[in-house]
Amino acid sequence: MSVAAHAGHAPGGVQAELLRWSPSLRIGMALLALIVAAGVFAPWLTPYDPLRQDYGAALLPPGAAHWFGTDSLGRDIFTRALFAIRTDLVIGFWTTYLPMLVGVLLGAWAGLKRGLFDAVLMRVIDTALAFPFLVLIIVILAILGPGTQNIYIAVFLVGWTMYARLARAEMLVEAGKDYVLAARTLGYPAWRILLRHALPNIVNSSIVFSMSDFVLNILLVSGLSFLGLGVPPPVPEWGAMVAEGKDFMQQAWWISTLPGFMIVLTGVALALVGDGLTHRLGDRHVTGH
Amino acid sequence: MSPATEGAPPLLQVRDLEVAFRVRGGEVLASRGVSLEVRAGETLGLVGESGSGKSVLCRAVLRLLPQPAAQVRVGQVLFDGADLLALPERRMRQVRGTDIAMVFQNPMTSLSPVWPIGDQLTEGLRVHRGLSRAAAREQGIALMRATGIPEPERRYDDHPWQWSGGMLQRAVIAMAMACKPRLLLADEPTTALDVTIQEQILALLADLQEASGMAMVLVSHDIGVVAETCDRIAVMYAGTVVETGPAAAVLGNPRHPYTLGLLRSSPGVDRAGRRLDPIPGQPPDLADPAPGCPFAERCALASAQCRENPVRLEDRAPGHASACLFPERMS
Amino acid sequence: MWVLRFVASRLLQAVPVLLGVTLVAFLAIHLVPGDPVRIMLQGRASDAAVAEIHARLGMDKPLLVQYARFVGNALTGDLGTSIIQRAPVAAIVWERLVPSVFLLAYATLLSVLMAVPLAVWAAARRQRLADHLIRLSGTVAFAMPSFWIGLILILGFGLTLKWFPIAGFGKGFGGHVHHLFLPALTIALFLAPLLIQSLRAAMLDAMTAEHVEVARAKGLSESRVLFKYVLRAAAIPVITILAVNIGWLISGSVVVESVFSVAGLGMLLVHAVSTRDYPVIQGLTVVFALLVLGVNLLADLAHALIDRRVRP
């Protein structure tokens with residue numbers, strides 16, 4: 001560790017950079033790459049169709065032909081679990097990073113400019129945070145109706161607030177520092193100070209938070225689908241798959257349990273990456289040039 | 001220094017103590033072969049810039065260095081002839097507070113904010129001496145009175161945030177004195193306080209020492225503070241003792257250029273009318289120590305010889321030693 | 001006496017948020033595309049019946065008047081009427097409140113019981129095997145969806161071992177404790193990792209405080225230092241963490257109530273959404289927010305009890 005950390009300062013290219021990755025970052029990245037690859041190449045990895053029903057092959061236990069067994073409609077669970085990577089990971093990604101983009105910009109702007117905009121924004125954020133996250137999203141879905149598109153809207157409407165609050169708090173600290181004051185005395189416009197000087201310094205905490213937010217959003221989307229408020233059937237989705245097996249727990253445990261493992265695996269991969277990033281980004285501060 | 005203890009074996013004897021801290025990308029030698037002695041009943045002043053290893057030394061004596069970051073490599077810490085470094089943790093706990101006590105730099109953070117002052121002050125009495133709460137309270141109030149805290153009965157149950165820094169330091173000193181230690185380590189006990197309060201606290205420590213006959217190590221970065229109260233002085237630089245001897249000899253006839261530098265840069269010592277000369281340069285990087293004298297880079301007297309080999313502490317006069325190749329060139 | 005002043009000042013500070021909360025609840029019915037009454041009645045009612053319900057709910061009045069009435073009614077404890085269940089929303093919600101609060105308190109207790117010893121252990125053995133294992137299992141537990149843990153607990157402890165019932169609220173305190181054990185454990189398994197992580201960090205932070213070193217210098221045993229000085233100082237961040245995560249805790253309970261068929265607020269919400277019972281959704285929106293704000297107030301109070309400095 002100590003030797004590698006020192007060697008990393010010398011220009012050593014990709015290899016030196018990889019050496020500086022902590023074990024958790026390395027394992028997490030490898031796991032994540034594997035999951036993404038499995039999602040991308042799903043049609044070539046399995047001979048089955050994720051949607052085709054085959055009542056002759058219903059409720060088969062895990063075996064050589066069906067690694068994860070089949071569900072009550074005779075669909076291959078392994079195939080559906082692979083295709084569900086596309087559903088869950090994609091929804092999880094966008095429901096994390098679109099709100100982050102908007103939230104960080106709004107929060108940083110509020111922290112830099114203060115005034116009425118800041119006051120109004122803070123009231124909105126306080127109100128949103130007064131609700132349990134899931135309850136607010138369910139209420140929004142009750143207004144909009146269920147469906148994949150409305151999940152994006154609902155999570156977006158709630159999700160940006162956390163990032164805005166985080167970025168605002170960081171910006172308040174940053175705004176008092178000399179380099180921001182210097183930029184101000186030089187008469188730079190506020191957006192330039194924000195984007196070029198302050199943003200590189202305040203975005204780290206949001207990036208670190210986004211990794212666990214990513215996990216929570218996957219849990220959220222699968223939870224909504226489990227409750228029947230999310231991704232509509234027959235689209236393969238992990239939470240919905242767990243829900244489908246709920247009534248067969250005793251005779252066919254595999255329907256619910258095995259798709260759940262995929263959620264855990266993905267979540268652990270993301271959490272490990274987040275852990276690794278915390279150590280890498282946490283100690284360092286970028287100077288605003 | 002009382003003549004009665006002159007020939008007796010020292011109460012505390014530190015021999016060749018080496019302490020290393022593991023840090024990102026290597027290690028730092030915070031203490032490299034420190035040796036010093038404290039005799040029963042005397043006051044030793046330990047001076048040096050911040051980072052010279054004074055606090056590390058105190059913590060090493062009490063074995064309070066952060067684990068596993070700090071490692072005591074070699075050396076001995078003999079207290080009353082027994083090596084503290086070799087004691088089992090249980091025995092060491094009994095030494096802390098009863099035989100050796102410590103007063104820390106910042107009184108505002110030395111007490112937990114959530115417990116009453118009296119409770120923390122008398123905790124040692126209850127733990128080590130097995131006193132009941134009522135008996136401990138009685139003694140605690142007496143201790144508070146002895147350290148000059150007014151209205152101790154009423155203030156016993158106060159919380160630390162209700163008190164001023166000076167008053168808190170009195171409480172911390174009372175806490176250290178609770179079990180009548182034979183050695184008190186005072187680590188910059190006045191640094192965090194106002195100048196007027198500093199004098200009072202130093203006077204209090206001197207009074208308590210005289211009354212109890214305990215030995216004391218007074219750590220300070222300010223040679224003026226040490227000059228007033230100490231029998232002997234040890235000067236530390238970059239993790240080593242560079243000069244040690246009777247206070248009068250070290251202050252009046254320094255035998256190491258660093259001691260001389262400290263004296264010239266301190267307004268506290270009696271040198272009215274003289275210009276203050278700061279020591280040029282920076283302390284060396286402890287992560288990458290040079291083989292020779294650590295002060296060589298900042299020293300006007302240094303020659304090539306100084307940079308090649310370690311310079312040993314050697315006697316210049318009875319009881320007065322310095323680690324310099326040219327002690328006679330001090331003007 | 002400070003308690004009353006403390007609570008009063010906090011309530012005053014909460015007024016803008018409460019206005020925002022009622023606004024969101026109010027809009028929950030008015031932002032629905034189309035006519036919410038027709039959606040609720042699913043096209044089975046005549047135009048006259050729809051108009052009659054509109055009038056009864058006051059939906060023929062201007063929006064601002066409706067909002068004022070909504071807030072005014074809510075202040076007197078009237079949360080409207082469910083057309084579908086033909087009952088006052090307040091009564092429906094009240095009936096469901098007890099199981100939910102019981103479950104939340106139970107889950108919090110379980111997670112604290114799990115988290116405190118593990119966090120103390122991890123902090124005391126930091127950067128050693130126990131610490132790494134505890135952190136790793138925390139990462140895994142954090143990634144486990146609660147509905148999935150719930151089903152696995154049902155399969156293991158309910159259906160296979162038959163130690164615990166897998167549904168319902170049970171009768172009497174003992175019955176509640178027995179019936180809600182698995183649901184509470186499910187929530188606790190999701191909450192405990194968060195607690196462990198922050199408690200461990202808070203303890204490591206507290207361990208480096210100077211007063212802890214002073215305590216060690218007094219010759220106190222490591223366990224006394226840990227429990228009297230470190231844990232006490234770390235308790236404040238933990239209470240804050242619990243309060244901050246109350247939203248997540250309730251979110252988790254919504255899902256878990258559905259898994260274990262506990263007739264609480266969460267199950268009511270999911271049911272109300274699927275039957276498009278808008279007045280109940282409205283009422284629940286307010287009640288859930290009040291729960292969150294109430295817990296935060298309690299946490300602030302507890303903080304003031306432990307650390308006298310924050311008292312007014």
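1. Chain B of this predicted model contains 13 helices and 13 strands. Its radius of gyration is 20 Å, close to the 20 Å that the globule rule gives for 331 residues, so chain B is as compact as a globular protein of that length. Along the principal axes, the C-alpha atoms of chain B occupy a box of roughly 65 × 50 × 45 Å.

2. The interior of chain B may be described by burial and by contacts. Of the 331 residues in chain B, 44% are buried. When contacts in chain B between residues at least 6 apart in sequence are considered, 65% of them join residues at least 24 apart.

3. Chain B also meets chain C. In this contact, 23 residues of chain B touch 18 residues of chain C. On the side of chain B that touches chain C, two or more residues come from each of helix H2 (89-98), strand E7 (100-103), helix H3 (107-110) and helix H5 (123-128) of chain B. The largest share, 5 residues, is that of H2(B). By class, this side of chain B consists of 10 nonpolar, 10 polar and 3 charged residues.

4. Chain C has a further contact, with chain A. Here 38 residues of chain C and 36 residues of chain A take part. Several helices of chain C each supply at least two residues of the side that touches chain A: H2 (15-30), H7 (129-142), H8 (146-160), H13 (246-259), H14 (265-274) and H15 (278-306). That side of chain C has 31 nonpolar and 7 polar residues, and no charged residues.

5. Within chain C, the domain assignment gives domain 1 (13-89) and domain 2 (93-310). The C-alpha centres of these two domains of chain C are 34 Å apart. The contact between them involves 20 residues of domain 1 of chain C and 14 residues of domain 2 of chain C. On the domain 1 side, the elements of chain C that give two or more residues are H2, helix H3 (36-41) and strand E1 (81-82). H2(C) gives the most to that side, with 6 residues. The residues on the domain 1 side divide into 15 nonpolar, 5 polar and no charged.

6. The confidence of the prediction in chain A deserves attention. Chain A has a mean pLDDT of 85, and 90% of its residues reach 70 or more. Where in chain A is confidence lowest, and where is it highest? The lowest mean, 38, belongs to helix H1 (residues 2-7) of chain A, and the highest, 94, to helix H5 (residues 77-113) of chain A.

7. Two stretches of chain A call for caution. Over residues 1-12 of chain A, pLDDT stays under 50, and the model has 15 contacts beyond four places in sequence for this stretch. Over residues 283-289 of chain A, pLDDT also stays under 50, with 8 such contacts. Where pLDDT is low, the predicted coordinates should not be read in detail.

Note on methods
Residues numbered from 1 in each chain as written. Chains lettered and ligands numbered in written order. Predicted model: local features only at pLDDT ≥ 70, side-chain atom pairs only at ≥ 80, totals over all residues. Contact = placed C-beta atoms within 7 Å. Helix = DSSP H or I, 4+ residues; strand = E, 2+ residues; numbered from the N terminus. Nonpolar A, V, L, I, M, F, W, Y, C, P; charged D, E, K, R; others polar. pLDDT = per-residue confidence, 0-100. Rg over C-alpha atoms; globule rule 2.2 N^0.38 Å. Buried ≥ 20, exposed ≤ 12 C-beta atoms within 10 Å, placed from the backbone. Domains from an automatic or database assignment.
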